[in-house]
Amino acid sequence: MKIHTNHPVISIDEIVRPTRVEVDLKILTENFKAIRTHVGNSKMMPVLKANAYGHGLVRIAQLYEELKADYLGVAVVEEGILLREMGIKIPILVLGGVWGNQIPLFLKNNLSITASSIDKLKQIDETAAKMKTKAIVHLKIDTGMERIGVHYYNAEKFLDAAYSYKNIFVEGIYSHFATAEFEDLTFPKLQLERFNQVLDYFNKHSIKSPLRHISNSGAILQLPEANLDMVRPGIMLFGVYPSKNIKKTVVVNPALTWKSLVVYFKVIKDGNSVGYGLTWKPDHNIRAITIPVGYGDGYFRSMSHKAKVLLNGKLYPVIGNISMDQIVVNIENDSAYNSDEVILLGSGGKNSITAEDLAEWAGTIPYEILTNINTRVPRIYLE
Ligand SMILES: *Cc1c(COP(=O)(O)O)cnc(C)c1O
């Protein structure tokens with residue numbers, strides 16, 4: 001068992017925090033292989049933004065490099081630089097836009113740049129010329145998300161410009177779906193059609209097509225004609241489906257267990273309220289345990305009065321408002337002892353708590369649950 005932590009002071013052997021995340025690398029490996037088989041010849045770009053959806057950026061990147069992923073995708077340049085510093089060698093595309101004076105950082109660290117305007121292309125070309133290098137660029141086309149990228153109906157000029165710059169290598173061209181996880185695929189199909197129209201450029205000008213990619217998890221599951229040269233799975237790598245009603249054409253399983261230990265046991269007497277705001281009180285004596293986790297770890301306060309945890313395979317309710325660092329759980333007449341294991345997310349016995357459950361309690365989506373598990377929670381990897 002290996003522990004990875006970004007903590008600058010505490011060494012691996014000293015980690016004593018009862019609250020931790022365990023990540024099963026065998027399950028992640030199976031998920032990756034299942035997706036690879038499903039997409040056939042398309043290349044794979046695991047998307048590892050936001051600390052690899054909470055699973056820990058560096059170790060997860062190492063795993064996909066070992067598994068021969070073709071590319072890695074991250075959101076911001078700092079994530080890319082960290083991966084280079086940790087020795088990751090495979091190509092890395094930064095999916096977010098370039099901001100301010102970041103271009104030299106991309107070039108120094110051999111990171112592929114998302115170019116989303118002619119203006120940016122020009123800046124990239126000039127910087128690459130100064131640094132006597134060639135910039136690797138993926139062109140971003142907006143086919144309906146209205147976030148970043150050149151609109152599909154203005155793409156021709158953008159492509160002309162891209163191929164006119166001497167210090168730019170156009171390695172890829174991509175777009176992004178807004179609703180690929182919906183049951184109704186009308187809009188993703190329209191987006192794909194728009195993207196394909198843009199891609200006709202290469203035929204028309206007899207230019208060898210760069211890597212074409214558009215599919216996120218939703219599209220990988222539901223729209224195989226969008227696989228093109230490369231796919232960009234994110235959440236499904238981690239065994240979580242992007243929506244409830246999506247077609248589960250690939251079987252993937254969650255790999256993350258968020259757990260803690262009982263650190264306190266007491267009886268709360270009839271009529272005595274619990275926690276900040278005194279928002280909950282029993283009408284009879286109950287037994288209660290305290291767990292050292294809270295919204296400061298990403299255990300959302302909005303789950304107060306809804307969340308449950310698993311103790312000895314049984315579900316128990318969190319009572320009172322969730323604090324920054326602690327929660328209180330009602331175990332009624334049952335027994336618990338200090339250091340008993342408590343599962344916040346994951347399986348225990350016959351029961352399980354999923355990212356979807358937490359999302360429902362918090363009024364959000366599973367993505368936000370996973371990406372918000374704070375970095376102060378140590379990640380432990382089951383190899
Ligand atoms: C986040 C992201 C993905 C992955 O999305 P999932 O829904 O998690 O599969 C793919 N491409 C881009 C550009 C992204 O930002």
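This is a predicted model: local features need pLDDT of at least 70, side-chain atom pairs count only at pLDDT 80 or more; totals for chains, interfaces and linings use all residues.
Local features need pLDDT of at least 70 and side-chain atom pairs count only at pLDDT 80 or more, while totals for chains, interfaces and linings use all residues. Residues are numbered from 1 along each chain as its sequence is written, and side-chain values use heavy atoms, with hydrogens and water left out.

**View 1. Domain 1 and domain 2.**

**View 2. The area buried between the domains.** Domain 1 and domain 2 bury about 830 Å² between them. Carbon and sulfur atoms carry 68% of that area. Buried area is the accessible area (1.4 Å probe) lost when two parts are put together, summed over both. Tyr53, His55 and Ile235 supply 51% of what domain 1 buries against domain 2, more than any other three residues.

**View 3. Contacts across the interface.** Here 9 residues of domain 1 are in contact with 8 residues of domain 2 (heavy atoms within 4.5 Å).

**View 4. The domain 1 side.** Helix H2 (49-53) and helix H3 (57-66) are the elements that give two or more residues to the side touching domain 2. H2 gives the largest share, 3 residues. Helices are DSSP runs of H or I, at least four residues, numbered from the N terminus.
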